[in-house]
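Please read the following explanation with the sequence and the model side by side.

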Amino acid sequence: MKITETFVSLQGEGLRQGMPCMFVRLAGCNLHCAWCDTEYALGNAIGVETTAEEIMEAAIASGVSYVCITGGEPLLQKEELAPLIAAMHEAGVVVEIETNGTIPFIELRDYASICMDVKCPSSGEMSDLSLLSSLRETDTVKFVIGDEADYLYMVEVLAANPKLRAPVCITPVYGTDTKWLVETIIAEKLPVRFQLQLHKVVNIP
Ligand SMILES: C[S@@+](CC[C@H](N)C(=O)[O-])C[C@H]1O[C@@H](n2cnc3c(N)ncnc32)[C@H](O)[C@@H]1O
Ligand SMILES: Nc1nc2[nH]cc(C(=O)O)c2c(=O)[nH]1
Ligand code: SF4
Ligand SMILES: [Mg+2]
């Protein structure tokens, strides 16, 4: 697998926010979100060829029993990823995959929870909304909101998917004004969880 980095930090996003976590960042992405904070992992030339065994060893050595597989877009390397997360699952490691919702993930669900980021208009990209039906209660849907059009898109997506089982997290594009977003969520009493990227607040990787 082509890996950009592995590091231990606190999970900064999603339902396990605040938990010690080992991150495995896979290299390369099939999208280019306008607001992406991980440009350094996007180019396909970037990344070091690393075996599943080496990653497994690093995970065990980290002493952390929660691993977040991210990127870039990790599911671009789904075939190589599957045996690794199966081995991690077997070893009792909690595995979560951050994905942009463009690549099916149903065959990975036995070994990992899925955090699917639904791309809103300000990203300049689109996710495959049909994948929302593959998400379970133990998965997460994330919307990164940059402006009111993104917010309205999110409301539209939620309304069009009444059977959505996964909890919904909303994160503002980092650095954008959030007061209007918070006030709107309160006023409209949306069944969502507002969060900031914790790692950027406390300045950790
Ligand atoms: C770097 S991406 C990697 C995984 C996958 N490609 C994806 O988009 O979910 C992980 C997450 O970082 C978050 N992210 C990236 N740039 C951000 C920004 N500028 N502001 C807020 N969240 C951001 C998005 O929620 C995204 O889901
Ligand atoms: N601390 C921390 N938490 C994260 N959760 C998701 C991340 C990502 O880049 O996918 C991330 C990240 O880059 N750092
Ligand atoms: S899909 Fe994820 S890694 Fe790719 S550009 Fe968007 S936020 Fe960045
Ligand atoms: Mg990040």
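A polar contact is a pair of N or O atoms within 3.5 Å, and within protein one atom must be able to donate a hydrogen and the other to accept it, while residues adjacent in sequence count only if both atoms are side-chain atoms. In this predicted model, a polar side-chain atom of K119 lies 2.7 Å from an oxygen atom of ligand 1. The protein covers 94% of the 530 Å² of accessible area that ligand 1 has on its own, areas being computed by the Shrake-Rupley method with a 1.4 Å probe and, for residues, with only the protein chains shown counting as cover. Backbone atoms also take part, for a nitrogen atom of ligand 1 is 3.0 Å from a polar backbone atom of D37, and a nitrogen atom of ligand 1 is 2.9 Å from a polar backbone atom of G72.

The numbering and conditions behind these values are as follows. Residues are numbered from 1 along each chain as its sequence is written, with chains lettered from A and ligands numbered from 1 in the order in which they are written. Because the model is predicted, local features need pLDDT of at least 70 and side-chain atom pairs count only at pLDDT 80 or more, whereas totals for chains, interfaces and linings use all residues, and side-chain values use heavy atoms, with hydrogens and water left out.

Turning to the sheet, 9 strands form an open, mixed arrangement in the order β3-β1-β2-β4-β5-β6-β7-β8-β9, where strands (E, at least two residues) and helices (H or I, at least four) are DSSP runs numbered from the N terminus, and two strands pair if DSSP finds at least two bridges between them. β3 (48-49) and β9 (193-194) stand at the edges with a single partner strand each, so one side of each is left without a neighbour in the sheet. β1 and β3 pair in the antiparallel sense over 2 bridges, and V48 in β3 is the bridge partner of I3.

In helix α1 (residues 52-62), I55, M56 and A59 are buried, meaning under 20% relative accessible area, whereas exposed means over 50% and partly exposed lies in between (1.4 Å probe, protein chains only). The buried residues of α1 fall within an arc of 100° seen down its axis, so they line one face of the helix; the arc is that of the directions from the helix axis to the C-beta atoms. The face turned away from this buried side carries the exposed residues E53, E57 and A61.

Finally, E98 is found in strand β5 (residues 94-99) and is buried, with a relative accessible area of 11%. The side chain of E98 makes a polar contact with the side chain of K142 (2.8 Å).
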